[in-house]
Amino acid sequence: MDTTKALAELEVLRGFIDFVNRQRGVYCDCLSSFQGNKVRIERQVARVSRPVSRHIENGQTIIMRASLEDPTRPDVIHQRIIRADEFITANSEAGFNEQQVCWSIIVFIFAYWDEKIRKQIATIRGVEKDAVKINVFGDLRVLRRMIVHNGGVLGAADHARLKVLNGICQADAKISLTHDQMHTIFVAIKSAIGSLILEYTALLPGAPKPEDIVDIAVQNTGRS
């Protein structure tokens, strides 16, 4: 075992684990905020909307005005104006806001892996960057390209290229992920990081299997 290379990679991967954990934290915080927005406006709609005459129908249309300025000022510029029902839909589970966060995290994690971490691992190993291949990041590359260049629609040919994440996406459909499916992506990434960490130790007695890893942390204790 090349201890020097193993320790050098471990330091790189420790930073990458921290990065992935921060993305998962942002994702969870965003979901909490979206749910809070949804509940707050649903309560407002319930107070303001009311039947008119004797017919059972919606009352007046409620318009949301979002601004970073004091709305009582005459020169205020509203950030946006949106119907309450559209606001509730956008902030609902698997709604537009959640999907935008999912897409952003996929694009960001892949870019960070491909442009920084993958290069560092290749340098440590003394190989070309393309020689460092991990299936889940190949899948993220496919998803990233569809998100950025194809409006998020995953074609059948590209779906067939997925090796790890093919079960959470549909062919010829827009990439739309549930909370459980995003969790699946995070677990797959952690398992991939685990496989890299075990590159030098996989054959040692007691070494775990990468596919059994659902979460991972590397303590920075320094070197003796």
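Glu9 is buried, at a relative accessible area of 1%. Buried here means under 20% relative accessible area, exposed means over 50%, and partly exposed lies in between (1.4 Å probe, protein chains only). The model is predicted, so local features need pLDDT of at least 70, side-chain atom pairs count only at pLDDT 80 or more, and totals for chains, interfaces and linings use all residues. Residues are numbered from 1 along each chain as its sequence is written, and side-chain values use heavy atoms, with hydrogens and water left out.

What does Glu9 pair with? Its side chain meets that of Arg125 in a salt bridge, 2.6 Å from N to O. Glu9 sits in helix α1 (residues 3-48) and Arg125 in helix α3 (residues 96-125), so the pair ties together parts 116 residues apart in sequence. Helices are DSSP runs (H or I, at least four residues), numbered from the N terminus. A salt bridge puts a side-chain nitrogen of Lys or Arg within 4 Å of a carboxyl oxygen of Asp or Glu. The structure holds 9 of these salt bridges.

Next come the pairs of helix α3 and the loop. Lys129 and Asp114 form a salt bridge through their side chains (3.7 Å, N to O). Lys129 lies in the loop between α3 and α4 (135-149) and Asp114 in helix α3, so this pair ties together parts 15 residues apart in sequence. Lys129 is partly exposed, at 24% relative accessibility. Asp114 is buried, at 12%.

Asp130 and Arg118 also meet in a side-chain salt bridge (3.9 Å, N to O). Asp130 is in the loop between α3 and α4, Arg118 in helix α3, 12 residues apart. Asp130 is exposed at 53% relative accessibility, whereas Arg118 is buried at 8%.

These residues belong together: Asp114, Arg118, Lys129, Asp130 and Arg141 are linked in a network of salt bridges.

Terms used
Helix = DSSP H or I, 4+ residues; strand = E, 2+ residues; numbered from the N terminus.
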